[in-house]
Amino acid sequence: MNAQRALLAPFTTKKQLTGTAFVHLDGCLHAVFRTKDFVSALELVNRVGDVAEQMNHHPDVRLGYGTVSLTLTSHDAGGVTARDLELAARVQQIADTLGATSRPAQPTRYDIAIDCTDADAVRPFWRAGLGYTEVAGDDGIELVDPCGLAPKVWFQHMEIARTDRNRIHLDVYVPSDDAEERVAAVLEVGGVLLTDEHAPDWWVLVDVEGNELCVCTAAF
C-alpha cells in the first residue's frame, strides 16, 4: 500500500498532533478554531480551501460566526493517513498566522447496541421504526440513519437471551486521552463500574438502576 494511504491509528498520530487543535477519533481528525468575527472565519476557510486544492485533499468544513470546524479523513483509505496529518499541519499554520485560536474539539460517536439471539428477526422492526437503512459493519448488518445524524444501531449476538440485565445499551466513543476522564466523571455522579477488563478499549458502567453505558475508544 502507498505510504501516503496507509491507515494511521490514534497512538501513531498522537505525537504529531500534540500542540495542534486536532484530535483523532473514529477515523477522522477534528478541530475547531475561533476567530474574531465572520469575515475572519471566512478568510480562514478560504485559505484552507486554497491549500486543499493544492493538495487535492479536501476537508469537511463548517463555517459559523467566528468559528470554523474541520474534519479531515482519507475517504479512499477509510481513515486517517499521512495526507491528513500534512493537511492538519498546514491548516494549523494558517490558523496561527491569522491569529485564530483553537477551541477544544470534543468529538464523540454514539452507538446503540441491542442484545439478541436472532438479529435477522429483530432488525426489520428497528429498521422500519427508525426509518434507517441496512449496511454491512464490523458487527454484522447494522442500521444507520440515512441522513447521517442519529446513532448507529448494531446487534450483539447472545447464545442465551439475557434476562438479568437490560438488553439495550449505549456506546459512546471518545478520544483515547479523554476516556479515563469520562469514566471518572460518570463514577463521580453515582455511576458504577461494572467491568474494566477490556480497558482501554472500553469500560462498562451502569447507573443506579442497572442501565448500561460503554465508554469506548476507537482503534482508528
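Tutor: Start with the terms: helices here are DSSP runs of H or I with at least four residues, and strands are runs of E with at least two, numbered from the N terminus. This is a predicted model. By that count, the protein has five helices and 13 strands.

Student: What box do the C-alpha atoms fill?

Tutor: Roughly 60 × 40 × 35 Å, taken along the principal axes. The protein has 220 residues, and 40% of them are buried.

Student: How do I read a pair of aromatic rings?

Tutor: Use the distance of the centres and the angle of the planes. Centres within 6.5 Å make a pair, and planes over 60 degrees apart make it edge-to-face. The rule gives two aromatic pairs here. Take F22 and F33: the ring centres are 6.2 Å apart and the planes stand at 70 degrees, so this pair is edge-to-face.

Student: Where do F22 and F33 lie?

Tutor: F22 is in the loop between α1 (10–17) and β1 (23–25), while F33 is in strand β2 (residues 28–34), so the pair ties together parts that are 11 residues apart in sequence.

Student: Are F22 and F33 buried or exposed?

Tutor: Both are buried. Now take F125 and W126: their ring centres are 5.2 Å apart, with planes at 85 degrees, so this pair is edge-to-face.

Student: Why does F125 count as exposed?

Tutor: The cut-off for exposed is over 50% relative accessible area. F125 is at 60%, so it counts as exposed. W126 is at 27%, so it counts as partly exposed.

Student: Which charged residues sit over a ring?

Tutor: R109 lies over the face of Y173, at 3.8 Å from the ring centre. R123 places its charged end over the ring of F155, 5.8 Å from the centre.

Student: How do I check the span of helix α4?

Tutor: Multiply 1.5 Å by one less than the number of residues. Helix α4 (residues 119–130) has 12 residues, so it should span 16 Å; its end C-alpha atoms are 16 Å apart, which agrees. Just after α4 comes G131, with a positive phi of about 70 degrees.

Student: Which residues form the nonpolar patch on the surface?

Tutor: F38, V39, L42, L63 and Y65. Together they have about 500 Å² of accessible area.

Student: Which helix gives the most to the patch?

Tutor: Helix α2 (residues 38–55), with three residues. V39 has its place in that helix. At 60% relative accessibility, V39 is over the cut-off, so it counts as exposed.

How values were computed
Residues are numbered from 1 along each chain as its sequence is written. This is a predicted model: local features need pLDDT of at least 70, side-chain atom pairs count only at pLDDT 80 or more; totals for chains, interfaces and linings use all residues. Side-chain values use heavy atoms; hydrogens and water are left out. Rings of Phe, Tyr and Trp (its six-membered ring) pair if their centres lie within 6.5 Å; planes under 30 degrees apart count as stacked, over 60 as edge-to-face and the rest as tilted. Buried means under 20% relative accessible area, exposed over 50%, partly exposed in between (1.4 Å probe, protein chains only). A charge sits over a ring if NZ of Lys or CZ of Arg is within 6 Å of the ring centre and within 35 degrees of the ring normal. Patches are made of residues with over 30% relative accessible area and no salt bridge: like charges are joined within 9 Å, nonpolar side chains (Val, Leu, Ile, Met, Phe, Trp, Tyr) within 5 Å. Accessible areas come from the Shrake-Rupley method with a 1.4 Å probe; for residues, only the protein chains shown count as cover. A salt bridge is a side-chain nitrogen of Lys or Arg within 4 Å of a carboxyl oxygen of Asp or Glu.
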